[in-house]
Amino acid sequence: MKASGRLQRIPPYAFARLERQIAAKRAAGVDVISLGIGDPDRPTPPLIVEAMQEAVSEPETHRYPSNRGRADFRGAVRDFYERRFDVSLDPEREIMPAIGAKEAIFNVSLAFLDGGDFALAADPGYPVYTGGPWLAGAEPVLMALEPEQGFAPDLAAIDDEVARRAKLMFLNYPNNPTGAIVPEGLFERVVEFARAYEILVVHDNSYSEITFDGYRAPSFLATPGAKEVGIEIFSLSKGYNMTGWRCAVAVGNAEALEIYWRLKTNIDSGLFEAVQLAGIAALSPETDAEVASMRELYLRRRDLVCEALRAIGVQVRPPRATIYVWAPVPEGFSGSEAYCAHVLEHAAVVLSPGAIYGPAGEGWFRISLTTPDARLLEAVHRLGALAA
Ligand SMILES: *Cc1c(COP(=O)(O)O)cnc(C)c1O
């Protein structure tokens, strides 16, 4: 059996070797603590679960949903964007449900890219920014996020010829894996750039609700002109502890969303209506208090991890958003994979090597804060003992 050429071009999952090592250690009875994956450990808030329970017992939710989604769901998204981001959306043309941000990012690639096209992708970045274009037969072109520039890409450094062939640009703030918030003026520069080269900007907004120290993350669409050049994908996965539910929306440029919808009608059959009804509960102001308490939880864990890292000499800057701490690999290791393998071997703690998020991630590692406090504390103690 042979995979398609498109599939073969996607590099083997970088975590695969690490996963085999973890499995072997666990089989040998070692208590491995994983700080690798970003998947909230806390349950979905009860308000949302109850809305789902009620919705799922209604037979009207059991049938094929439309790809455009329920009017009340789109209305809830409009209200949320107005209330939270001060962004006005037309629920008829500027809001489309998605079966998770991952689906939307991949399908947008398929909807807009032909063979030979380029897609500009943040590096380090979520792997679908490269996997999507590859599967669409196009070429991802990496834009390194510069730590000295607050993890902004240097748009001026993008070759003119490359920019002309680029159809899409994938960006993500607050950022996974770096935890960076959008640098001042970046969204404005992106709008200008996208206009000049006729590029569709795809802003992945998966972390706007998880912010600290008084920071409130903006929507890309709040930038003047953004709606003419871009769409934003807002996921409920991380902010509402709903990764398993598969609930997101694509919002923004109506023409782009129409094309995305056309593709989706050929590929999937929409977002389960009961999940849309649960999404309405999630986006209502009644859930704000739950989200605020999650922010407090991650803030406490962030400080715990940053303090422990500093105590062992790792120069880390506490992130102002997301569920990740991004830190430089200590000296004396050949790279991020070597360091993470060393930590797994000697401390039985799993970290994500920065290199798996792209070449610009080399020299860094990521800690996910989605582990219960006691285990996180234990992991941090082990790192300390390892350095001593
Ligand atoms: C987790 C994550 C996603 C996936 O979101 P889903 O809605 O669960 O598919 C997308 N983008 C980034 C940057 C993420 O970290």
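1. In this predicted model, three salt bridges are counted between domain 1 and domain 2. The domain assignment places residues 5–43 and 288–387 in domain 1, and residues 46–284 in domain 2.

2. The size of an interface is often given as the accessible area lost when the parts come together. For domain 1 and domain 2 this buried area is about 3000 Å², with 60% of it on carbon and sulfur atoms. The centres of the two domains, taken over C-alpha atoms, lie 25 Å apart. Domain 1 contributes 32 residues to the contact, and domain 2 contributes 37 residues.

3. Across the whole structure, the search finds 24 salt bridges. One of the pairs is R302 with D213, whose closest N and O atoms are 2.9 Å apart.

4. How are helix 2 and helix 13 oriented relative to each other? Two packed helices are described by the angle between their axes and the distance between the axes. Helix 2 (residues 16–27) and helix 13 (residues 336–347) pack at an angle of about 5°, and their axes are 11 Å apart. The two helices are therefore roughly parallel to each other. Helix 2 makes the contact through R17, L18, Q21, I22 and K25, and helix 13 through E337, L344 and E345. Sorted by class, the contact comprises three nonpolar, one polar and four charged residues.

5. On helix 13 the contacting residues are H342, V343, H346 and A347; on helix 14 they are R382, L383 and L386. This contact has four nonpolar, two polar and one charged residues.

6. Most residues other than glycine have a negative phi, and most peptide bonds are trans. The peptide bond from D123 to P124, however, is cis, with omega near 5°. P124 sits in the loop between strand 3 (118–123) and helix 6 (128–135). Another cis peptide bond joins Y173 and P174, where omega is about -10°. P174 is placed in the loop between strand 6 (166–171) and helix 8 (186–197).

7. Which residue has a positive phi although it is not a glycine? F151 does, with a phi of about 65°. F151 is located in the loop between strand 4 (139–146) and strand 5 (152–153).

How values were computed:
Residues numbered from 1 in each chain as written. Predicted model: local features only at pLDDT ≥ 70, side-chain atom pairs only at ≥ 80, totals over all residues. Heavy atoms only, no water. Axes fitted to C-alpha atoms, helices over the stretch in contact; angles between N-to-C directions. Helix = DSSP H or I, 4+ residues; strand = E, 2+ residues; numbered from the N terminus. Parallel < 35°, antiparallel > 145°, perpendicular 65-115°, else oblique. Contact = heavy atoms within 4.5 Å. Nonpolar A, V, L, I, M, F, W, Y, C, P; charged D, E, K, R; others polar. Domains from an automatic or database assignment. Buried area = accessible area lost by both parts, 1.4 Å probe. Salt bridge = Lys/Arg side-chain N within 4 Å of Asp/Glu carboxyl O.
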